[in-house]
Amino acid sequence: MNSFPGLGPSSGFLQSTAWRAALALVVVFVMLAMTGWTAVRGTTQDANPLVTAKAAWKHATFLGRPLPDPDGSPAALRAFFATLTRAEKRQLAARYPLAVGNMGGAPVQLRYRANRLAIDDARAVEKKRMGDRRLTPVGRQEAGRLMHRLESMMSPGRQILAFDPAGGGRAAEVFGNLPAADRVSVVVPGVDTNLSTFERTARATTAPVGMARSLYNAEREARPGTRTAVIAWADYTSPSGLGVGAATGQMAKAGAVRLRALVQSLPSSDTVSLFCHSYGSVVCGVAARDLPSNVEDIAVAGSPGMRAGSLSGLGTHARVWAMRDSDDWIQDVPYLEVGGLGHGADPVDPSFGSRILSADGAVGHAGYFAPGTGSLRNFALVGVGATGSVDCASDDPHCSTDLV
């Protein structure tokens, strides 16, 4: 007997199939969580210093006049800073380091300077927490690890474009000369990305900083004469572990808003390419429809889906590239979306319509940016605009069509 009144046998079958698919999706996500997709991190809901800093900026005056909206358009903020002397800019950075350091439209070098001050403030907080006996031994140990991470971010020559210490923390770092770059690449990482995991000493290219540094070096090798810059963009709140956040698109939607804001704050003459790993490809997929026209390429690796059923569903003018290594466990995730769970079709399925790149040499889910791999070389060629030289997957004749 049909359990759903008003539905014919075929409708009941379809609904039953949908429920089975949703159940399978949940089971697979739980199994992957239990077998080590990612380490679940704890989060705290601390007061947000960046929100406080922006509020202080909004209520302040400078040189006898109100300050502009810190969340205003990059063009308006760029025009404001253009009216200030170097000393006046530095005065604002010293007074409101978090606000200036995260302000699209503020001069890039000023943001680096402001964020160094903000990181030093956060480092001092964590140093005090290391000796706070109100914390558990584990809490003091975590404070120590974070303090050393912040100290590393203050090393000479590092260019921190964004920094927010709230919760797990967010950050972005630039490799190369961003103001002078003709081509900008943005690395968008996946789950469990925060200040503590922003960079790693061991297996460096599995963390955002290592990914971006490796890509920058590969781009310089691929085309030395091209002025490039690469951004390690961990400036969105990623899912913590493999819970509902990783299986749905809510955090990707919030991340997409921030990703669009980043791209819109770059000089309009720059050509931008996005390199999106794992859940980062979900963020890029959601952002794709409304990205500025200077985003020419979106490349994804180890993707669980892009919240679309096909290339046309992304609604983007950009070329979309996809790769997946043969031993990447992400291929075992059901590529569907049922009741908000899942991220849609597989970008490396030929029916999706993306250009499928070779991932030769990559090992596992986190190996796409390792030096010497074909996957990294392909990413670098896309980043410098040498798309006619990429190595396509053997079963995708469409990959190299209409390329120069």
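This is a predicted model: local features need pLDDT of at least 70, side-chain atom pairs count only at pLDDT 80 or more; totals for chains, interfaces and linings use all residues.
View 1. Strand 7 covers residues 271-277 and is joined to strand 5 by six bridges. These two strands run parallel.

View 2. Five bridges join strand 5 to strand 6, which spans residues 228-234, and the two run parallel. Between them the chain passes through helix 8, residues 208-222. This β-α-β crossover from strand 5 to strand 6 is right-handed.

**View 3. Strand 5, residues 183-188, is mostly covered.** Six of its six residues are buried. One side of the strand carries Arg-183, Ser-185 and Val-187, and the other carries Val-184, Val-186 and Val-188. Both faces are covered.

**View 4. The second largest pocket holds about 500 Å³ of space.** It is lined by 25 residues, and those closest to its centre are Lys-54, Asp-71, Asn-102, Gly-104 and Ala-261. Two or more lining residues come from each of these elements: helix 2 (49-58), strand 3 (159-164), strand 4 (170-176) and helix 10 (250-265).

**View 5. Helix 10 gives the largest share of the lining of the second largest pocket.** Its contribution is five residues. Sorted by class, the lining of this pocket has eleven nonpolar residues, seven polar residues and seven charged residues.

Conventions. Residues are numbered from 1 along each chain as its sequence is written. Side-chain values use heavy atoms; hydrogens and water are left out. Buried means under 20% relative accessible area, exposed over 50%, partly exposed in between (1.4 Å probe, protein chains only). Helices (H or I, at least four residues) and strands (E, at least two) are DSSP runs, numbered from the N terminus. Two strands pair if DSSP finds at least two bridges between them. A crossover is right-handed if, with the strands pointing away from the viewer, the path from the first strand over the helix to the second runs clockwise. On a 1 Å grid over the protein atoms alone, a cavity is a set of points where a 1.4 Å probe fits but cannot get out, and a pocket is an open set with protein on both sides within 12 Å along at least five of seven lines; lining residues have an atom within 4 Å of a point. Grid points are joined across faces, edges and corners, and a volume is the space filled by probe spheres set on the points. Ala, Val, Leu, Ile, Met, Phe, Trp, Tyr, Cys and Pro count as nonpolar, Asp, Glu, Lys and Arg as charged, and the others, Gly among them, as polar.
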